[in-house]
Amino acid sequence: MGTLAGRSIVLGVTGGIAAYKAVEIASRLKKAGAEVRVVMTRAAASFVAPLTFREITGQAVATSMWTEIPAHHVEHIALAELADLVLVAPATANFIAKAAAGIADDLLTTTVLATRAPLYIAPAMNTGMWENPVTQENVMRLCERGAQVIPPAEGLLACGTTGAGRLPEPEEIVAAVERHFAAAESLAGRRIIVTAGGTEEAIDPVRYLSNRSTGRMGYAVAAEAARRGAEVILISAPTHLDTPAGVRRVNVRSAREMHAAVMAEYETADAVVKAAAVADYRPAEIAPQKIKKSDGELTIHLTRNPDILMELGRKKTHQVLVGFAAETENVETYAQGKLAKKNLDFIVANNVAEKDAGFSVGTNRVKIFFKDGRAEEHPLMAKSELAGIILDRLADELERRNRG
């Protein structure tokens with residue numbers, strides 16, 4: 001049996017010219033063994049008749065808030081609860097904007113807001129609309145909440161222009177859904193430590209030294225690891241992010257607190273993903289009271305913090321150890337040096353000087369270096385998508401050790 005056999009997929013179809021491709025998506029999902037329920041917006045029904053989807057799926061097509069599914073109550077709640085996964089393809093700029101804002105003014109947006117099932121979105125629109133900063137911001141907001149975006153393809157669009165915005169081919173979209181379910185239990189039974197955020201080193205009761213890390217990358221990894229069935233311990237420096245579902249969060253502030261928390265969990269861990277930006281130095285002395293401004297210069301003497309990753313590498317027995325290298329120059333050289341020096345299994349390197357791949361953004365562009373000499377380059381993508389790639393490689397390494 002395939003990975004989709006017996007799965008309940010809610011397929012949302014919005015009002016774009018690419019709606020005709022959703023017919024083949026529904027057909028492929030059905031042939032793969034999934035139970036497909038289609039939700040169409042009013043605009044989508046102007047492009048493709050609901051009857052087409054009904055004949056392909058064998059299920060009634062939902063188009064209104066005010067009808068009921070037999071044996072259930074309000075339809076959007078029924079669909080939300082029935083879904084093992086919600087797929088919106090095509091997803092228009094309008095739908096993405098409403099979903100990002102939490103607007104629920106039709107059956108599809110209400111279902112998306114009500115469901116706890118994973119959400120996959122396949123955008124399709126004019127290139128200018130796709131590249132508009134508002135659309136990109138809305139996409140990032142959805143990604144940060146756990147949605148998975150299947151990036152649009154490039155090519156000739158229905159409007160006559162050429163560029164990014166085409167709906168990916170149906171087989172690619174269905175393959176993404178299949179990969180989701182294949183990966184869903186890939187880390188079941190594994191115990192994974194993830195560190196995230198930027199540590200804070202006190203100068204006095206008011207001030208501290210820190211860095212620009214927001215914790216987004218580490219939180220994305222923690223959320224994805226939990227989705228894949230792992231027991232996840234998220235050791236987090238201060239951040240404004242919510243704890244991902246199914247994750248145990250340990251709050252720390254300083255590098256030494258993070259060191260103690262990681263070491264307390266390390267022995268029984270199967271893997272560690274060290275995504276936190278840990279301060280290398282701390283003030284040698286913390287003033288007991290707020291330091292007052294004076295006419296002279298203020299000198300703060302710094303001392304080294306423990307190198308958590310180095311110590312993990314020295315103490316490693318069975319664990320898979322993943323590091324990050326956030327650099328501003330000579331990225332490959334520094335990353336490869338860190339990989340070897342700290343006994344890592346692989347390292348994720350990026351240039352944080354790039355405005356769309358550094359701190360405080362929802363995207364990243366990285367190169368992954370492996371202990372065996374391999375390297376992979378990954379283009380700009382949502383951090384949630386990159387988290388899946390990182391955990392794919394981590395799961396591969398755990399499986400390789402099992403076989404060995």
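Buried residues account for 52% of the 404 residues in the protein chain. The model is a predicted one.

## Overall build

The protein chain contains 13 helices and 19 strands. Its radius of gyration is 24 Å, close to the 22 Å that the globule rule gives for 404 residues, so the chain is as compact as a globular protein of that length. Along the principal axes, the C-alpha atoms fill a box of roughly 75 × 60 × 45 Å.

Contacts across the sequence come next. Take the contacts between residues at least 6 apart in sequence: 67% of them join residues at least 24 apart.

## Rings and charges

How many aromatic pairs does a search of the whole structure find? The search finds 1. The ring centres of Phe346 and Phe370 are 5.4 Å apart and the planes stand at 40 degrees, so the pair is tilted. A stacked pair would need planes under 30 degrees apart, and an edge-to-face pair would need over 60.

Phe346 belongs to strand E17 (residues 346-351) and Phe370 to strand E18 (residues 363-370), so the pair ties together parts that are 24 residues apart in sequence. Phe346 is buried, at 2% relative accessibility. Phe370 is buried too, with a relative accessible area of 6%.

The charged end of Arg374 sits over the Phe370 ring, 4.0 Å from its centre. Elsewhere, Arg304 lies over the face of Tyr281, and the distance to the ring centre is 5.5 Å.

## Salt bridges

The structure holds 27 salt bridges. Three of them are set out below.

| Salt bridge | N to O distance |
|---|---|
| Arg166 and Glu169 | 3.5 Å |
| Asp307 and Lys342 | 2.9 Å |
| Lys315 and Glu311 | 2.9 Å |

Start with Asp307 and Lys342, which form a salt bridge. Asp307 lies in the loop between strand E15 (302-304) and helix H11 (308-315), while Lys342 lies in the loop between helix H12 (331-341) and E17, so this pair ties together parts that are 35 residues apart in sequence. Asp307 is partly exposed, at 26% relative accessibility. Lys342 is buried, with a relative accessible area of 12%.

Now turn to Lys315 and Glu311. These residues are 4 apart in helix H11, which means that about one helical turn separates them. Is Glu311 buried or exposed? At 15% relative accessibility, Glu311 counts as buried. Lys315 is partly exposed, at 46%.

Some salt bridges share partners, and these join Lys316, Asp345, Glu397, Arg400 and Arg401 into one network.

Arg166 and Glu169 form a further salt bridge. Arg166 is partly exposed, with 29% relative accessibility. Glu169 is partly exposed as well, with a relative accessible area of 29%.

## A loop residue: Ser186

Where is Ser186 placed? It is in the loop between helix H8 (170-183) and strand E8 (191-196). Ser186 is partly exposed, with a relative accessible area of 32%.

Which residues does Ser186 contact, once its neighbours within four places in sequence are left aside? They are Arg228 and Ala395. Ser186 and Ala225 are 39 residues apart in sequence, and their C-alpha atoms are 9.1 Å apart in space.

## Backbone details

The peptide bond from Ala89 to Pro90 is cis, and its omega is near 0 degrees. Pro90 is part of strand E3 (residues 85-91).

Asn330 has phi near 45 degrees, a positive value in a residue other than glycine. Asn330 lies in the loop between strand E16 (320-327) and H12. Its relative accessible area is 47%, so Asn330 counts as partly exposed.

Asn343 has phi near 60 degrees, again a positive value in a residue other than glycine. Asn343 is found in the loop between H12 and E17. With a relative accessible area of 27%, Asn343 is partly exposed. The loop between H12 and E17 also holds Lys342, the salt-bridge partner of Asp307.

Note on methods
Residues are numbered from 1 along each chain as its sequence is written. This is a predicted model: local features need pLDDT of at least 70, side-chain atom pairs count only at pLDDT 80 or more; totals for chains, interfaces and linings use all residues. Side-chain values use heavy atoms; hydrogens and water are left out. Rings of Phe, Tyr and Trp (its six-membered ring) pair if their centres lie within 6.5 Å; planes under 30 degrees apart count as stacked, over 60 as edge-to-face and the rest as tilted. Helices (H or I, at least four residues) and strands (E, at least two) are DSSP runs, numbered from the N terminus. Buried means under 20% relative accessible area, exposed over 50%, partly exposed in between (1.4 Å probe, protein chains only). A charge sits over a ring if NZ of Lys or CZ of Arg is within 6 Å of the ring centre and within 35 degrees of the ring normal. The radius of gyration is taken over C-alpha atoms; the globule rule is 2.2 Å times the number of residues to the power 0.38. Contact means heavy atoms within 4.5 Å. A salt bridge is a side-chain nitrogen of Lys or Arg within 4 Å of a carboxyl oxygen of Asp or Glu.
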